[in-house]
Amino acid sequence: MSIVSLSHTISADELSALKDWFVANRRPLPWRETRDPYRVWVSEIMLQQTQVVKVISYYERFMQRFPTVQDLAKAHIDDVMALWSGLGYYSRCRLMHHCSQFVVERCDGAFPSTAAELLHLPGIGPYTARAISSICFRESAGVIDGNVKRVMARRHGRPSGFVNGGEKQALQIWLDQVATTFVGHPGDLNEAWMELGATICTPKKVQCGDCPISDGCEAYKQGVVDSIPKPRLRKAPKQVELHVVMARRMGHIYLVKQVAAQLFKGLYTLPMVDLERISRSGERRGHFRHVLTHRKLDIHVWNVPAREVESLAPDGVWMMLDRLSDIGHPRWVDIACARFLDDKPL
Ligand code: SF4
């Protein structure tokens with residue numbers, strides 16, 4: 001790993017302006033009303049790869065149902081998955097449930113207070129550990145997320161951003177040093193960086209005129225804000241063909257819990273079957289596309305008589321259609337039901 005050092009500094013006046021800007025402009029989000037590590041942890045896990053507006057209602061429902069880490073730890077995973085349905089990245093949910101049991105059983109129900117200790121918990125990586133330790137326990141530990149990386153790339157005038165290990169390490173050291181000199185709550189500083197990236201120093205339509213730290217920003221001084229960071233080539237999402245079976249019986253639909261599958265593990269889905277098998281006994285209804293972050297699903301829906309579906313896909317359950325929201329299932333199941341359960345032709 002090549003060593004990188006960041007010579008750029010930030011003045012006490014700029015940090016103070018950043019703090020004042022954050023106090024005056026921060027969005028009133030429900031997880032900002034608390035410094036309870038359990039609540040902050042849940043919000044941070046939900047916010048990974050997911051937009052703030054989407055997370056708010058999930059977070060509120062989750063907190064009503066599982067207000068403490070003990071409540072979450074003793075819940076059945078199916079009930080936790082049901083509340084997570086539609087939020088995506090379901091492995092987060094499974095790991096979170098596992099972590100809650102770890103905290104209750106191995107840490108007497110109390111989250112550790114330092115990032116180094118938090119890293120030992122299942123499913124908690126460097127970002128989440130530092131977010132919890134700084135917001136809840138005042139540890140001077142800087143966090144790096146996508147928003148912070150973009151602000152820093154511009155602030156430091158680095159078109160390539162902070163991509164490789166050496167660059168990220170240098171940025172981490174810089175942020176930690178700034179956090180130790182910051183006069184105020186270290187959690188507020190981290191949130192201020194992230195808020196700046198989410199609302200002012202955005203990928204497009206950057207509002208440098210409203211930025212509290214524009215005086216020392218290299219990209220702003222050089223007039224190159226729009227070209228930093230350089231766009232990165234993203235991998236195209238992988239195309240996946242799914243053949244799913246729809247069978248209904250007296251207001252119920254047949255679903256299978258995915259216990260071993262890589263995709264949708266732990267969730268209930270319409271049975272997924274081989275094309276060869278289903279083409280012998282099923283009637284093809286049509287197909288639709290559903291896009292996940294890393295996958296494009298091409299979902300082919302087949303009708304199968306209720307009496308045949310159990311031999312085609314054993315170990316399923318007949319679930320009342322109006323109770324679907326009680327179980328964890330991916331969003332494409334709702335879409336398939338909405339489009340194909342009525343008897344309209346496609
Ligand atoms: S001055 Fe502009 S580019 Fe620099 S940090 Fe502020 S908003 Fe971002």
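The crossing of helix 2 and helix 3 is right-handed; a crossing is called right-handed when the near helix is turned clockwise from the far one by less than a right angle, and left-handed when the turn is anticlockwise. The structure is a predicted model, in which local features need pLDDT of at least 70 and side-chain atom pairs count only at pLDDT 80 or more, while totals for chains, interfaces and linings use all residues. Residues are numbered from 1 along each chain as its sequence is written.

Helix 2 spans residues 37-47 and helix 3 spans residues 52-65, and their axes come within 10 Å and cross at roughly 140°. Axes are lines fitted to C-alpha atoms, for helices over the stretch in contact, and angles run from 0 to 180 degrees between N-to-C directions. The two helices are therefore oblique to each other. Angles under 35 degrees count as roughly parallel, over 145 as roughly antiparallel, 65 to 115 as roughly perpendicular, and the rest as oblique. Helices (H or I, at least four residues) and strands (E, at least two) are DSSP runs, numbered from the N terminus.

On the side of helix 2, the contact is made by Arg39, Val42, Ser43, Met46 and Leu47, and helix 3 supplies Val52, Val55, Tyr58, Tyr59, Phe62 and Met63. Two residues are in contact if their C-beta atoms, placed from the backbone, lie within 7 Å. By class, nine of these residues are nonpolar, one is polar and one is charged. Here Ala, Val, Leu, Ile, Met, Phe, Trp, Tyr, Cys and Pro count as nonpolar, Asp, Glu, Lys and Arg as charged, and the others, Gly among them, as polar.

Helix 5 covers residues 77-84, of which Val80, Met81, Ala82 and Trp84 are buried. A residue is buried if 20 or more other C-beta atoms lie within 10 Å of its own, exposed if 12 or fewer, and partly exposed in between, with C-beta atoms placed from the backbone. Among the elements that cover these buried residues are helix 4 (69-74) and helix 6 (90-106).

The axes of helix 5 and helix 6 come within 10 Å and cross at roughly 140°. Helix 5 is therefore oblique to helix 6, and helix 5 passes helix 6 in a right-handed crossing. Ile77, Val80, Met81 and Trp84 of helix 5 meet Tyr90, Cys93, Arg94 and His97 of helix 6. The residues of this contact divide into six nonpolar, one polar and one charged.

**Backbone features in the loops**

Glutamine 49 is found in the loop between helix 2 and helix 3 and is exposed, with 12 other C-beta atoms within 10 Å. Tyrosine 89 is found in the loop between helix 5 and helix 6; tyrosine 89 counts as partly exposed, with 15 C-beta neighbours inside 10 Å. Phi is positive in both glutamine 49 and tyrosine 89, neither of which is glycine. Glycine 86, which follows helix 5, also has a positive phi. The values are listed below.

| Residue | Phi |
|---|---|
| Glutamine 49 | near 60° |
| Glycine 86 | near 95° |
| Tyrosine 89 | near 45° |

A cis peptide bond joins isoleucine 228 and proline 229, with omega about -10°. Proline 229 is found in the loop between helix 12 (218-222) and strand 1 (238-246).

**The two domains**

The chain is divided into domain 1 (12-227) and domain 2 (238-340), with bounds that come from an automatic or database domain assignment. Their centres, taken over C-alpha atoms, are separated by 36 Å. In all, 11 residues of domain 1 are in contact with 11 residues of domain 2. On the side of domain 1 that touches domain 2, helix 5 and helix 6 are the elements that give two or more residues. Helix 5 gives the most, with five residues. By class, this side of domain 1 has five nonpolar, four polar and two charged residues.

**Asparagine 303 and the chain as a whole**

Asparagine 303 is found in strand 6 (residues 295-303) and counts as partly exposed, with 16 C-beta neighbours inside 10 Å. Asparagine 303 and glutamate 283 are 20 residues apart in sequence and 5.1 Å apart in space, C-alpha to C-alpha. Leaving aside residues up to four places away in sequence, asparagine 303 touches Met246, Gly282, Glu283 and Arg285.

The chain has 15 helices and seven strands. Of its 346 residues, 35% are buried. Taken along the principal axes, the C-alpha atoms fill a box of roughly 75 × 50 × 40 Å. Among contacts with a separation of 6 or more, 70% are between residues 24 or more positions apart.
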